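User: I'm just starting out with protein structures, and I'd like a close look at one part of this one. Could you walk me through the rings and the place where the chains meet?

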2 protein chains.
Amino acid sequence: MESKPLADKILPFEEREMSLREFLDSRGVPYEIVKIFDPIGPAADIEDADVIIVSTESYRGALAVNERRREKGLSELKIIVIPLVLAEDGKPISSSRVRSGEIDTEGRPLI
Amino acid sequence: MESKPLADKILPFEEREMSLREFLDSRGVPYEIVKIFDPIGPAADIEDADVIIVSTESYRGALAVNERRREKGLSELKIIVIPLVLAEDGKPISSSRVRSGEIDTEGRPLI
């Protein structure tokens with residue numbers, strides 16, 4: 001976390017969790033939010049998981065999850081890679097870019 | 001094609017297409033088989049496509065498809081990466097290994 005750009009501007013976990021909860025509740029689907037402390041988290045341990053969803057930026061993390069599952073004798077997960085949503089400048093929207101004040105959360109340029 | 005291992009042992013397109021057709025017909029789902037001559041094929045041109053399914057070995061091809069789509073102003077595809085099925089020796093089943101006589105198509109060791 002400390003190594004991320006503008007780490008001091010990252011909102012606290014509780015605030016980010018609340019935004020996510022509001023979004024998920026609005027979709028009416030069941031979910032569980034798990035705080036992770038490394039790139040693999042519980043994904044290498046859940047026996048009846050089928051799928052892991054990542055972005056192109058976190059694809060290597062999903063490969064690491066599957067390697068760990070293979071070592072443990074668990075089935076490998078299908079990996080669904082979602083394209084990054086582009087800002088108006090054609091580059092991906094990212095929380096780092098929002099924190100730096102370059103774009104807003106809708107991808108509109110601010111500078 | 002010529003650069004693949006044991007290229008002279010690859011079955012003709014028509015025979016491989018027939019096996020695939022038999023398998024797909026047994027599932028009763030609609031499909032269309034398209035012969036491709038490069039790693040991208042028509043995937044960069046189909047406007048209403050949503051998803052591309054690849055293996056870990058062809059993931060980079062899917063990224064190339066999305067790059068081409070972006071250049072053309074088309075939406076990027078979700079990429080679904082299916083794990084390779086492992087042979088009894090714990091290494092992936094591949095047509096190269098079947099052709100070399102190392103394993104059969106069910107992943108059983110032959111040598």
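Analyst: Happy to! Let's begin with a charge and a ring: in this predicted model, the charged end of Lys35(A) is placed over the ring of Phe13(A), 4.3 Å from the ring's centre. Chain B has such an arrangement too, with Lys35(B) over the face of Phe13(B) at 4.3 Å from the ring centre.

Now for rings that pair with rings. Counting over all chains gives 1 aromatic pair. Its partners are Tyr59(A) and Tyr59(B), whose ring centres are 3.5 Å apart and whose planes meet at 15°; the angle is under the 30 degrees cut-off, so the pair counts as stacked. This pair crosses between chains, running from helix H2 of chain A to helix H2 of chain B. Are these two tyrosines buried or exposed? Both Tyr59(A) and Tyr59(B) are buried.

That brings us to the contact between the chains. Chain A supplies 14 residues to it, and chain B supplies 14 residues. About 1100 Å² is buried between chain A and chain B, with carbon and sulfur atoms giving 71% of that area. On the chain A side, Tyr59(A), Val81(A) and Pro83(A) lose the most area to chain B, together making up 38% of what that side buries.

Setting aside residues up to four places away in sequence, Val81(A) touches residues of its own chain, including Val54(A), Ser55(A) and Tyr59(A). Across in chain B, Val81(A) touches Tyr59(B), Leu77(B), Lys78(B), Ile79(B) and Val81(B).

Val81(A) also belongs to the largest nonpolar core, which has 22 residues. Within that core, the residues touching the most other members are Ile52(A), Ile79(A), Val81(A), Ile52(B), Ile79(B) and Val81(B). The elements giving two or more residues to the core are strand E1, helix H2 and strand E2 of chain A, along with E1, helix H2 and strand E2 of chain B. As a general background point, nonpolar side chains in soluble globular proteins tend to be buried together.

Why does Ser55(B) count as buried? Its relative accessibility is 17%, and the cut-off for buried is under 20%, so Ser55(B) qualifies. Beyond its neighbours within four places in sequence, Ser55(B) is in contact with Val81(B), Ile82(B) and Leu84(B).

Technical notes. Residues numbered from 1 in each chain as written. Chains lettered and ligands numbered in written order. Predicted model: local features only at pLDDT ≥ 70, side-chain atom pairs only at ≥ 80, totals over all residues. Heavy atoms only, no water. Buried < 20%, exposed > 50% of the residue type's maximum accessible area, 1.4 Å probe, protein only. Contact = heavy atoms within 4.5 Å. Core = buried A, V, L, I, M, F, W, Y, C linked by side-chain atoms within 4.5 Å. Helix = DSSP H or I, 4+ residues; strand = E, 2+ residues; numbered from the N terminus. Phe/Tyr/Trp six-rings, centres within 6.5 Å; stacked < 30°, edge-to-face > 60°. Lys NZ or Arg CZ within 6 Å of the ring centre and 35° of its normal. Buried area = accessible area lost by both parts, 1.4 Å probe.
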